[in-house]
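The sequence and structure come next.

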Amino acid sequence: MEDAVVIQAERIAADFLLEQVKASYRIIGKGITNQVCAVETGSRKVVVRMNDKNTFPSFIKEKWCIEQAAAVGVPGPEVLSIGIVDETAYMIQTFIEGDNGLDSAVPKSYVWRKLGEYAKLIHSIQVKGYGGDLIDLVNGYFQSPSHAGSDGSWLGYVQYNINSLTEHDRLIELGVITQMESKRVRKRFENLKSTRFRFGLNHGDISLKNTIVNQANQVILLDWNPEVSVVPHATVAQLMHYQILGLEESASVEEFKAFMDGYGISEKDLTETRHFLLLRAFDNLRWAIDRSPDLIVPYAAFAKQLLGMIME
């Protein structure tokens, strides 16, 4: 199977570069969404990212985001080509020489501070709408699909989760919340609904594993999973989520502070961010109950842990 992936990457790269392939290999361990290969010809070395053809819109979206981010000063790979061949969606990018942020000898706090600076720049990119689907490249308009109970808007998203806090809530049955806690959570979600938030573009997976540090100690940002949501809360909440889960790429206390310093946010003002993270945790759990039962247990455990931290 691995040989087939590399052979496909070689064919895609050779057809684009119009050169014979000299060497190729899988890039393993830093990402889980796409199959990623490095391919080298006589004059170029590129990265070929591949997935099912149905994921092609995500490559269109990522290309747009990388280009918009570069325009505001966020270093990233150049996207050379995207397309579909043999049922496979692909993206060809320039190969960035350097060390992955997890492995670099550069102090991690330095990388995190840069990521804070980059996040602020990304949040300055002009976008419209709310959600993860880029439906208008010219105007940067994003959309979230509607579903039963929500029209796909931010207010619809919050209201759906408020309306779900009933006496017969599955979250009570699962032991995530009690009846009394449900009432307290409702108040916090009502506050989110009435707060005037700023909306902006989010990278979606700000972490060391999605960076390369080159010989000049420049930090290059990779692998977007973008959406338009409340900023800076959505990005900071993602970092807090990783910390709580204890993921390898999560920021330490010192590194989190470096990120916040790079962005220019005070850690003392994270109340709304914590409530946003709780909202997202509850919504993810409700999604798992409806669509992915195998994820109910871990999502419920995280939501319960987070609730305990916020309500204590």
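**Packing of helices 7 and 8**

Helix 7 (residues 233-245) and helix 8 (residues 253-263) pack with their axes 12 Å apart and at an angle of about 175 degrees. Helix 7 is therefore roughly antiparallel to helix 8, a term for angles over 145 degrees. Helices here are DSSP runs of H or I with at least four residues, and strands are runs of E with at least two, numbered from the N terminus.

On the helix 7 side, Thr235, Val236, Leu239, Met240 and Gln243 make the contact, and on the helix 8 side Val253, Phe256, Phe259 and Met260; contact means heavy atoms within 4.5 Å. By class, seven of these residues are nonpolar, two polar and none charged.

**Basis of the model**

The model is predicted: local features need pLDDT of at least 70, side-chain atom pairs count only at pLDDT 80 or more, and totals for chains, interfaces and linings use all residues. Residues are numbered from 1 along each chain as its sequence is written, and side-chain values use heavy atoms, without hydrogens and water.

**Aromatic pairs**

There are 10 aromatic pairs, counted when ring centres of Phe, Tyr or Trp (its six-membered ring) lie within 6.5 Å. Tyr130 and Trp154 have ring centres 5.9 Å apart and planes at 70 degrees, so this pair is edge-to-face (planes over 60 degrees apart). Tyr130 lies in the loop between strand 7 (128-129) and strand 8 (133-136) and Trp154 in helix 4 (residues 154-163), so the pair ties together parts 24 residues apart in sequence.

Tyr130 is buried at 12% relative accessibility, and Trp154 is buried at 7%; buried means under 20% relative accessible area (1.4 Å probe, protein chains only). Ring pairs link Tyr130 and Trp154 with Tyr157, Phe197, Phe199 and Phe276 in a cluster.

Key: Axes fitted to C-alpha atoms, helices over the stretch in contact; angles between N-to-C directions. Parallel < 35°, antiparallel > 145°, perpendicular 65-115°, else oblique. Nonpolar A, V, L, I, M, F, W, Y, C, P; charged D, E, K, R; others polar. Phe/Tyr/Trp six-rings, centres within 6.5 Å; stacked < 30°, edge-to-face > 60°. Buried < 20%, exposed > 50% of the residue type's maximum accessible area, 1.4 Å probe, protein only.
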